[in-house]
Amino acid sequence: GKTHHIIVNEIDNVRRTNLEAQGFQYVSRLDATIPFTEMRKKFDAVITNPPFGENALLKFFRLRSDRV
């Protein structure tokens, strides 16, 4: 799709800044572990890449560091 038609969500500051520079319609910083009620039924498709929120991110890295 064309970036000016795409809404993206990113919690990481660096990745969000990169997305903003690419011309997406809207770049949000929402915790995806909490429902986006204001965007309900707005999308034709959703692509995800976990972890979805800051709590999930912390849990993910704790799990990964325990295995190293």
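Glu10 counts as buried, with a relative accessibility of 14%, where buried means under 20% relative accessible area, exposed over 50% and partly exposed in between (1.4 Å probe, protein chains only). The structure is a predicted model, in which local features need pLDDT of at least 70 and side-chain atom pairs count only at pLDDT 80 or more, while totals for chains, interfaces and linings use all residues. Residues are numbered from 1 along each chain as its sequence is written, and side-chain values use heavy atoms, with hydrogens and water left out.

The secondary structure of the chain consists of two helices and two strands, and the elements follow the order β-α-β-α from the N terminus. Helices (H or I, at least four residues) and strands (E, at least two) are DSSP runs, numbered from the N terminus. Of the 68 residues in the chain, 15% are buried. The chain exposes about 5900 Å², of which carbon and sulfur atoms supply 53%; accessible areas come from the Shrake-Rupley method with a 1.4 Å probe, and for residues only the protein chains shown count as cover. Among contacts in the chain (heavy atoms within 4.5 Å) between residues at least 6 apart in sequence, 13% join residues at least 24 apart.

Glu10 lies in the loop between strand E1 (7-9) and helix H1 (13-21). When its neighbours within four places in sequence are left aside, Glu10 is in contact with Arg15, Arg16, Leu19, Ser28 and Arg29. With Arg15, the side chain of Glu10 makes a polar contact through the side chain of that residue, at 3.2 Å. A polar contact is a pair of N or O atoms within 3.5 Å; within protein, one must be able to donate a hydrogen and the other to accept it, and residues adjacent in sequence count only if both atoms are side-chain atoms.

Arg15 also forms a salt bridge with Glu10, and the closest N and O atoms are 3.2 Å apart. A salt bridge is a side-chain nitrogen of Lys or Arg within 4 Å of a carboxyl oxygen of Asp or Glu. By this rule the count is one salt bridge. Its two partners fall into separate accessibility classes: Arg15 is partly exposed, with a relative accessible area of 45%, whereas Glu10 is buried at 14%.

Ile47 is located in the loop between strand E2 (26-28) and helix H2 (54-67). This residue is exposed, its relative accessible area being 82%. Ile47 and Val8 are separated by 39 residues in sequence, and their C-alpha atoms are 9.5 Å apart in space.
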